[in-house]
Amino acid sequence: MSSPTGPASGLPVRMPRPRQPGRHRRPEPVVAPAGAPPLVLAVPGTPDLTMRRTAEEILSIARSELPGLDARVGYVDAAEADAGEGFPALEAVLGHAAAQRAARTGEAREAAAAGDEAAAEALAAWDRAPDAVVVPLLAGPDSAALRRIRQSLMNSGATGELTAALGPHPLLAEALHVRLSEAGLARADRARLFTVATAADGIVLATVGGEEAVQAAGITGMLLSARLAVPVLAAALDEDGAITRAADQLRSSGSHQLALAPCLVGPEVDGSLVDMAAKEAGCEAAEPLGSYPAIGKLVLAKYAEVLGITPQPAPQGTPVR
């Protein structure tokens, strides 16, 4: 149980077909290494259907970016009874992954003893790999949620790599921009100079997780500010009065029409907190990031970093629409 400091080497990699010659050949897609540990998405919050739909859509995006990916969902705060409703607890998902790997390793060990060289190579790779790579569904660091995830990992008995949160990252700034534009609170495309009558001239970036989360959101906020050319201030949604103070600070510096942008995937907090904070600050609010494609790509990037693989990169510089 640790944050990765480098790739886990030695995993057997599925070899792609020979590439066709020519300038216009299509790039060969990268696929998941054979026998790679599963990606387990650790989803905090009280399980519900909206949360499950969001998690499944995010993993669908990750699978489309890395064919062959074994991706699963574990709910950090699920009760035992929730498993029957389709919300397996993170601890149970990790325990099952460990049991599967143990069974697979046993089969490979028997085959290797019988002289199967491929099984011997796979066995050596599996001995160096974790049972699972756990990616927290958090836009930024949240010490309380990460503590619960680590506890689930310990209780499961599995060996796992726990990655860092998804942000700060430029892709989060892109996602925030899109959510603001969808709510009519920002121009969708600066290059085309579309005008929006309700466009905000100041953004409060709401996060949860304490001071560390606010600092991380502040970095993403600077990237968002550069995209929108308006001031952005990060504040803690779970700290009394923090959102209102940030709004007052923006107004005192000359902003008049504010917007609240949740730097949250969604499951981390009760959605009513966002609405209440926006009402107290006297501004409109955008939707959480949810299953915006960048979230799935960031989840996969965290997993790929542990294994030392590089998924096929998407084209960069595409304007937000």
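Which residues touch the most other members of the largest nonpolar core? In this predicted model, they are Leu-180, Ile-203 and Tyr-303, in a core of 55 residues.

## Overall content

The protein has 321 residues, of which 46% count as buried. Its secondary structure comes to nine helices and eight strands. Among contacts between residues at least 6 apart in sequence, 76% join residues at least 24 apart.

Leu-180, when residues up to four places away in sequence are not counted, touches Leu-185, Ala-186, Ile-203, Leu-224, Leu-228, Ala-259, Ala-261 and Ala-286. Another core, of 19 residues, lies apart from the largest one. Ala-247, Leu-250, Ala-277 and Ala-278 are among its members.

Arg-179 lies in helix α5 (residues 170-182). The relative accessible area of Arg-179 is 13%. Buried means under 20%, so Arg-179 is classed as buried. Leaving aside neighbours within four places in sequence, Arg-179 is in contact with Ala-286, Glu-287, Pro-288, Leu-289, Gly-290, Ser-291 and Tyr-292.

Four strands form an open sheet in the order β6-β5-β7-β8, with parallel pairing. The edge strands are β6 and β8; each has a single partner strand, so one side of each is left without a neighbour in the sheet. Helix α8 packs on this sheet and touches β7 and β8, and its direction makes about 160° with that of β7. Helix α6 (residues 211-228) lies across β5 and β6 and runs at about 150° to β5.

Strand β7 pairs with β5 in the parallel sense over five bridges. Within this pairing, Gly-202 stands opposite Leu-258, and Leu-205 has Ala-261 as its bridge partner. Strand β7 also pairs in the parallel sense with β8 (residues 284-285), here over two bridges. The bridge partner of Ala-259 in β8 is Glu-284. From β7 the chain crosses through α8 to β8, and this β-α-β crossover is right-handed.

Why is β7 described as largely enclosed by the rest of the structure? Five of the five residues of β7 are buried, so the strand is largely enclosed. Leu-258, Leu-260 and Pro-262 point one way from the strand, while Ala-259 and Ala-261 point the other way.

## Helix α7

Helix α7 spans residues 242-252, and its buried residues are Ala-242, Ile-243, Ala-246, Ala-247 and Leu-250. These residues cover an arc of only 140° around the axis, which puts them on the same side of α7. An α-helix has 3.6 residues a turn, so residues three or four places apart point the same way. The buried residues of α7 pack against β5 (202-207), β6 (232-236), β7 (258-262) and α8 (271-281). Two of them, Ala-247 and Leu-250, belong to the 19-residue core. Just after α7, Gly-254 takes a positive phi of about 115°.

## The sheet of β1 to β4

Another open sheet of four strands has the order β2-β1-β3-β4, and its pairing is parallel. Its edge strands are β2 (71-75) and β4 (160-162), each of which pairs on one side only. From one strand to the next the twist averages 25°. Helix α1 (residues 49-65) packs on this sheet and touches β1 (39-43) and β2; the direction of α1 makes about 155° with that of β2. Strand β3 (residues 132-136) and β4 pair in the parallel sense over three bridges. In this pairing, Val-133 stands opposite Glu-161 in β4.

## Strand pairs

| Strand pair | Sense | Bridges |
|---|---|---|
| β5 and β7 | parallel | five bridges |
| β7 and β8 | parallel | two bridges |
| β3 and β4 | parallel | three bridges |

Methods. Residues are numbered from 1 along each chain as its sequence is written. This is a predicted model: local features need pLDDT of at least 70, side-chain atom pairs count only at pLDDT 80 or more; totals for chains, interfaces and linings use all residues. Side-chain values use heavy atoms; hydrogens and water are left out. Buried means under 20% relative accessible area, exposed over 50%, partly exposed in between (1.4 Å probe, protein chains only). The arc is that of the directions from the helix axis to the C-beta atoms. Contact means heavy atoms within 4.5 Å. Two strands pair if DSSP finds at least two bridges between them. Axes are lines fitted to C-alpha atoms, for helices over the stretch in contact, and angles run from 0 to 180 degrees between N-to-C directions. A nonpolar core is a set of buried Ala, Val, Leu, Ile, Met, Phe, Trp, Tyr and Cys residues joined through side-chain atoms within 4.5 Å. A crossover is right-handed if, with the strands pointing away from the viewer, the path from the first strand over the helix to the second runs clockwise.
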